Amino acid sequence: MGGHAKQNRPRPAPADEVSATGRDRRAVRTVDLTEEDIAAIEASEMTPGFEHLDAELEPEPASLVEQGVRFGRELGQRGGKTEGRPADKAFRDSLFDDS
């Protein structure tokens with residue numbers, strides 16, 4: 001069996017990390033950022049065509065209720081708003097047709 005020292009050993013990085021993962025992802029501690037770094041980040045804009053990556057920033061819903069609420073909101077934003085029909089007596093009676 002291996003010890004903890006073996007498990008904590010960092011894996012060797014590929015020669016070109018970006019090409020190996022397809023993305024350039026680096027962790028940076030926010031306390032290490034300078035004022036210039038923060039200003040550059042605030043002024044930056046995403047290249048068009050990568051909007052789908054914004055989904056990675058949203059936390060996954062923790063429960064089925066939250067998933068349902070999120071689905072309903074997304075569905076409402078996608079579809080066109082339609083005016084609902086009133087639930088008048090004739091409509092309610094048609095739900096309980098005893099024929």
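Is Lys89 buried or exposed? I started my notes there, and Lys89 turns out to be exposed, with a relative accessible area of 55%. A reminder to myself: this is a predicted model.

**Entry 1: helix α5**

I followed Lys89 to its partner. Its side chain meets that of Asp93 in a salt bridge, 2.9 Å from N to O. Both residues sit in helix α5, 4 residues apart, which is about one turn of the helix. I looked up Asp93 as well: at 44% relative accessibility, Asp93 counts as partly exposed, because the exposed class needs over 50%.

Helix α5 covers residues 89-95, and Leu95 belongs to it. I checked Leu95 and found it exposed, at a relative accessible area of 53%. Leu95 also turned up in a nonpolar surface patch, together with Phe91 and Phe96. I noted about 340 Å² for that patch.

**Entry 2: the other salt bridges**

How many salt bridges does a search of the whole structure find? I got 3. Lys89 with Asp93 is one of them, and I went on to the pairs below.

In helix α4, which spans residues 64-78, I found Glu74 and Arg70 placed 4 residues apart, again about one turn of the helix. Their side chains form a salt bridge at 3.2 Å, N to O. I wrote down partly exposed for Glu74, with a relative accessible area of 40%. Arg70 is partly exposed too, at 24%; buried would mean under 20%, so Arg70 stays out of that class.

Next I looked at Asp32 and Arg29. Their side chains meet in a salt bridge, with 3.1 Å from N to O. Which of these two is exposed, and which partly exposed? Arg29 is exposed, with a relative accessible area of 55%, whereas Asp32 counts as partly exposed at 47%.

**Entry 3: the largest pocket**

I then turned to empty space. Rolling a probe the size of a water molecule over the atoms shows where such space is left. For the largest pocket I noted a volume of about 340 Å³.

What lines the largest pocket? I listed Asp24, Arg25, Arg26, Val28, Ile41, Ser44, Glu45 and Met46. Sorted by class, I have 4 charged, 3 nonpolar and 1 polar residues in the lining. Asp24, Arg25, Arg26 and Glu45 go in the charged class. Val28, Ile41 and Met46 are the nonpolar ones, and Ser44 is polar.

Technical notes:
Residues numbered from 1 in each chain as written. Predicted model: local features only at pLDDT ≥ 70, side-chain atom pairs only at ≥ 80, totals over all residues. Heavy atoms only, no water. Patch = residues over 30% accessible without salt bridge, like charges linked within 9 Å, V, L, I, M, F, W, Y side chains within 5 Å. Areas by Shrake-Rupley, 256 points an atom, 1.4 Å probe, with all protein chains shown as cover. Salt bridge = Lys/Arg side-chain N within 4 Å of Asp/Glu carboxyl O. Helix = DSSP H or I, 4+ residues; strand = E, 2+ residues; numbered from the N terminus. Buried < 20%, exposed > 50% of the residue type's maximum accessible area, 1.4 Å probe, protein only. 1 Å grid on protein atoms, 1.4 Å probe; cavity = no way out; pocket = protein on both sides within 12 Å on 5 of 7 lines; lining within 4 Å. Points joined across faces, edges and corners; volume = space filled by probe spheres on them.
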